[in-house]
Structure formats: C-alpha cells, structure tokens
Amino acid sequence: MSLGEIWAILRRRWYFMVPFTLLSLLGGGYLYVTVPVSYQSQSSVALLDSSAVARLAPTFGNPISNAGGSLIVTADVLIRTLESSDAAKELRGRGVTDPYTAGFAPASDSPLLVLSVTGTDREKVLAETNTLTTFAGEQLKALQSADKVPTPYRVQTTPVVLPQTPVAKSKSRYQDIAAVVILGVVSAFLLSILMEGVSVVRRRRRAGPGAAAPKKEPRAPRRLRAGALSRRVDATAILTVYLVLAFFVPSNLALPALGGVGTPANVFALLGLLWYLATWLGGRILPAPGTRLVRIAMCVLGTAVLMAYIADSMRESSHQEVLGADRGLIGFLVWVSLVVLTSAGVQERGRLDVLMRRLVVMGTVVAAIGYYDFFSATNIADSIHIPGLQTSVAQVTAMDRGSFTRPRSTTAQPLEFGGMLAILVPFAVQQAFDPVRRHLHVLRRWGPVVLMAGALPLTVSRTSIIGMLLIALVMVPRWKPRRRWAALGLMTASVAGFKVLIPGLIGTITELFASFLSNSDSSTQARTVKYSAIVPYLKEHPLFGRGFGTFTPDLYFFTDNQYMLTLAEMGVLGAVALLVLFITGIHQGGSIRRLARTESDRELGQAFFASSLVALVISATFDSLSFPMFAGMFFLVLGAGGSYLSFVRREAAAAAAAPVPGKSPDTPSPQLAEIR
C-alpha cells in the first residue's frame, strides 16, 4: 500500500481522524495549562568507616577519606530503610509530602547515595531535601543503635553535596502531553483503517463468490502523477529507512519527551508498524506463511513484559520507575515492529536478500567510522548535534583502555559497537562466498568482512573477542577442508598483522583475558559485586520482576549483564522468555541449514545460527538489549531468520512435490512377473 492510498483512506474516514485528533490536541493543551512545573533538588551523602576500623593514622585525621567500597551493603540497607513505608510515614510527619528517592550515585562503586525530592513548590522542595538528608543520618544511627553497635565501630554519614537549588523538571510533563496526543492520533488512524477493512469485507460478502464485477462506463485514461505518495511502499523500503536512521544517527540522541527509546530510528519503526497494520487491515497484505514461530517467541516475551508492568503498578514504585516502565513498553513495541516487518511484511525472497545486503553495507560504513575513532583518539559521534534531539546517555566521552581509545562510532558505547558488529560479521562472510556475487570485484565482496571483523579487536574488549571466536568455531568447521585451512591461515596472519601494525594491542587484549582468568581484573570484580547486590531485588519479586525498564542506572546501578538485568526487571518469566528468543534464532538457523537445497542457503543458515549464538553468549557480558542499535539489529536479524526459514521450507516442499523427470505420475510402477 502506498502512502497516497493510506492518505485517501484517512480522508474518507475523516469522521474518525478529525474528532480524535482535535480531542487529543485539546487534551494535550489542557495538561500543558493545568499540570504545574515540577522542581527537583538533590543531595549526596557518603558513608564513612568507623574510626576504629579506618584507624586515624593513615587518614591524617580527615574523616572523608574513611569512605570505602566495603560499605556498599550498608548503603543498600540504608536505601531500603529510607524507601520503606515506615520511613515515608515519619518523613510525612516532618513535612516531606512530595515524592522522594534514595539510591546509589550513577556509575559509582563506592557507598555514595543520592537523595532527591520532586515537587511543585521550589522553596518547599529545598526544605524537604534538607530534612531528608538529615533523616538519612538519623536512620543509620538508629539502625546501629538497635543492633547495639559500640560507638567506635559505628558507620557515619557525611554530606558530600549539600541540597542543591531546585531545578525545573519539565521532561515528565512533556512526556504526558506527548502520550495523550500520540494516543489520540494513533487511535484515530487505527479506527479509520479498521473501518476501511470492514467495509471491504462487507462489499466482498455482498457480491458473493461468483458475482461478476460491476460494469463501468469507459472513461478517458487519467494520467497519474509520479511522486512519493503514489509509489508503492513495501517492508524492505521501510526497513531500509530504519537502518539509515539507526546506523547514521548516533544512538545516544533521542527525542526529549521519550527518553532513551525515542531515537529517530525507533520512532520510524513504530510508524512502520502502523503502515503494516494499515496494509493488513485494508486487505492488501497477508502475513507470509510459515513465519509464525518467531512471532510466537515475541508473544512469550510480550507476556513477560506485561506481567512485569502489572507487577510494577502493584508496588509502591517511584515516578521515575513508572516512566521507565512506560518507556519499556514503547521499546518492546519497537522490537515487535521490526520482527513483524521482517517476518510477515517481506513477501519476496529477492527483497529480503536486498535488505540483508543493505544491512551489511551500512554496518561496514559504521565499522569504517570506528577506525577513524580509534586512530584519531576521538569519537565522531560527540561532534554530531541534531536540532530537536538530545543525548540520553550522561557524559558520553571517549573511553580508553591501556594506551588505546576504544571506538564506538555512532553507537552509545564501545561494547554496543563490538556486539553489533559481531552479530553482522557472519552475514558479511556468507555474502562474500555467495555464488551470485562472484562476478563482483573482490574488494566489494570481502571489504565488509575485513572492515567489520578488523574493527572488533579495536574495541579492546573481551566481548568482541568472544564474539569473533564464536563465529570462527561455528562457521569454520562446516567449511570444506581447502576453505577451512585458508581461513585459519588468514586468521593467524591477521593476528600477526595487528601485532605489527598496532603494537601493544594484542598484548593488551591478552592481558584482559589473563586478568579475568586470575580474577585480578578490577572490572570483573566490580561486576561480581553487582551480581550479589542484585540478589535482594530478585528475592523481592522473583517471578515477574520489578517492571521492564525500571532498573535504571540513575536509580540503581549498571548490571553489565542482560540476564541479571532481565531477572531484576522481569523475574524468572522474563529470563525464560529471553532464552526463548535466543534459542528461536538458533533453531531457525539450524533449520535453514537442514532444509536448504543449495550450498549458499546452507551457509546462510549457518550465519543465522552463529549470529544468534553470539547474541546469546555476549549478552552475559553487557546489558545488550538496553542499547538501541544492538537491540534493533538483533530483532531485525531474528525476524529475517524466520522469513528465510519460510522461503526455504516452501522451496523444499515444492521440490518434493515436483514430479521426477521422465516419469509420468499416472504411469503405474512396473511389477515383477512370476516366471513359471
């Protein structure tokens, strides 16, 4: 369905579009006028070791130098105490009636707490923040007094950042307004398309199956103006625009009203979902047959997301957590749109091949930008500013490891850059070996493989190296001996080349794994501490979690593990749903290879198998689905795997049903005659 056809439907159903749009605009205007501006004040409090434990000699009498990372558990206990209902009741008696939060400082491994109060009265918010800061110290003292801790061994609190002057927080206000307007417009759109589909079905029923088409008087042919609105749009075209926005607009830039999920690519993906619904309800398209499995897997994930959302609404969650849960639902709809468009929207295999080639080409450009970041010791994304968008990641700067700058290209973080390339490299390899592309120059076929695979070690991360090893372990053993030995020789030569061209890089990566195996790596130890710190949150809500999208670093801490984050946000059900997604991708790749009739399709299935396996493993090394570019590429590849499996199954069924050459299907099989 073209955009012009959709526009014609909306004009015919103006009695839905106009009233709903006007009501949504009026509702948004009413919220803008009536909802007051909220203000927020913050203070920071650090926990200090007791004088008996810290010993005054090494601190030279400075109490602030007694702060240490060993008090994280104590800080967690204090946070839970401040967020309890008893503490809220006592604070209400002291005049703190506005919402308040207590949590760890972002990106801090020390016992540093951030206390904040949000309200509509600026002076009252400042006074309440002072009261909350004083109350935190009193509660810590009361906890230790109840346990009869001797005075020399008592942990103390000290304000590090005094209560700040309240600042206006209009983001949540604009989010509510945007939600009302978007809900009204989308409802009008869906109702218009639904009524158009119902009217089409009624006309077909009235005509009957054998009714002849009504005769029309001949008219002079009308010349159609060629334009953007009259061009036929398909899922591949929509997904191509999504890829352009996802790859070339830095993933940390988003619409202010939507937070981290409001990237231009995600917004366009939601519009693509509306296009598919319009085309489907209008009777112009049917889901591709045999692609139901991947959408069933998404339904399992959707069940976990909804149950986690209900669990969040049933507990006393903060306003920030409610907004996080709403953003989580939006992010899930983006994932659904990518899976639906790739699995159900692409109707021709040729168009799916075009989409996968474009995916590899654009990923190659992103990898090339990563080379610039690495050798220029900067991040090109820091210099990209787009009007109307703001960064959703605080303090995104160039990250170093050893003497090397870790590139991130247009992604939000080097780990996202390496993880995203790792799930695309198998398809670059498959396309390089594809017989259909053998007429192309060797640089056009192997350039993407060299650029993307070569960019992985530049991230100086274990995640990228693990991804490379998994790709080699999955794909290389399946090749013929000649190709296999050539690949092993090239990989060995590549390691030697990196050692000569970039001195120290291979040694730094080797040291990363050596320190990990010896448990002397500081980042590994920090992650281990976070794993133990997340267990209490899991015990509170083991089945459905705290709410998808609510365990944010500004309220809690980074988990650096997608499985741990999923357990905290969606509980055991969410972890099972996540595993179902990964296993579905692996199953699709294996099935494509098993049913394939050509060597090219077998290698394609192995590429899907390797990509999904890489996603499954490296998700334990960073919170992968929290990053929009990695998540978008994963779900797009997941849906594409389901679509390819459908095409391969239909081709295999057609081949099985085709008659054998030289044998008539009506000719009986020859019978052996008995000789007497």
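This is a predicted model: local features need pLDDT of at least 70, side-chain atom pairs count only at pLDDT 80 or more; totals for chains, interfaces and linings use all residues.
Student: At what angle do α13 and α14 pack, and how far apart are their axes?

Tutor: Helix α13 covers residues 349-376 and helix α14 covers residues 414-433. Their axes lie 9 Å apart, and the packing angle is about 130°. The pair is therefore described as oblique, because an angle must be over 145 degrees to count as roughly antiparallel. As for handedness, α13 passes α14 in a left-handed crossing.

Student: How do the axes of α13 and α22 cross?

Tutor: Helix α22 spans residues 628-657, and its axis comes within 11 Å of that of α13, crossing at roughly 150°. That angle makes α13 roughly antiparallel to α22. Here, too, the crossing is left-handed. On the α13 side, the contact is made by R349, L352, D353, M356 and L359. On the α22 side, the residues are M633, L636, V637, A640, S643, Y644, F647, V648 and E651. By class, the contact of α13 with α22 divides into 10 nonpolar, 1 polar and 3 charged residues.

Student: Is E603 buried or exposed?

Tutor: Burial is judged from the relative accessible area of a residue. For E603 that value is 7%, so the residue is buried. E603 belongs to helix α21, which runs over residues 599-618. Setting aside residues up to four places away in sequence, E603 touches Q430, F433, W479, R483 and R593. Of these partners, Q430 and F433 fall within the 414-433 range of α14.

Student: Where is G328, and is it buried or exposed?

Tutor: G328 is located in helix α12, residues 319-345. With a relative accessibility of 6%, G328 counts as buried. G328 and L306 are 22 residues apart along the chain, and their C-alpha atoms are 10.0 Å apart.

Student: Where does T97 lie, and which residues does it contact?

Tutor: T97 sits in the loop between α6 (85-93) and β2 (100-104). Its relative accessible area is 47%, so T97 is partly exposed; the exposed class would require a value over 50%. Apart from neighbours within four places in sequence, T97 is in contact with R92, K124 and E128.

Student: How many helices and strands does the chain have, and what share of its residues is buried?

Tutor: For the chain as a whole, one turns to totals. The chain has 22 helices and 9 strands. Of its 676 residues, 48% are buried. The accessible surface comes to about 34,100 Å², and carbon and sulfur atoms account for 64% of that area.

Student: What share of the contacts joins residues 24 or more positions apart?

Tutor: The count is taken over contacts with a separation of 6 or more, and 78% of these in the chain are between residues 24 or more positions apart.

Note on methods
Residues are numbered from 1 along each chain as its sequence is written. Side-chain values use heavy atoms; hydrogens and water are left out. Helices (H or I, at least four residues) and strands (E, at least two) are DSSP runs, numbered from the N terminus. Buried means under 20% relative accessible area, exposed over 50%, partly exposed in between (1.4 Å probe, protein chains only). Contact means heavy atoms within 4.5 Å. Accessible areas come from the Shrake-Rupley method with a 1.4 Å probe; for residues, only the protein chains shown count as cover. Axes are lines fitted to C-alpha atoms, for helices over the stretch in contact, and angles run from 0 to 180 degrees between N-to-C directions. Angles under 35 degrees count as roughly parallel, over 145 as roughly antiparallel, 65 to 115 as roughly perpendicular and the rest as oblique. A crossing is left-handed if the near helix is turned anticlockwise from the far one by less than a right angle, and right-handed if clockwise. Ala, Val, Leu, Ile, Met, Phe, Trp, Tyr, Cys and Pro count as nonpolar, Asp, Glu, Lys and Arg as charged, and the others, Gly among them, as polar.
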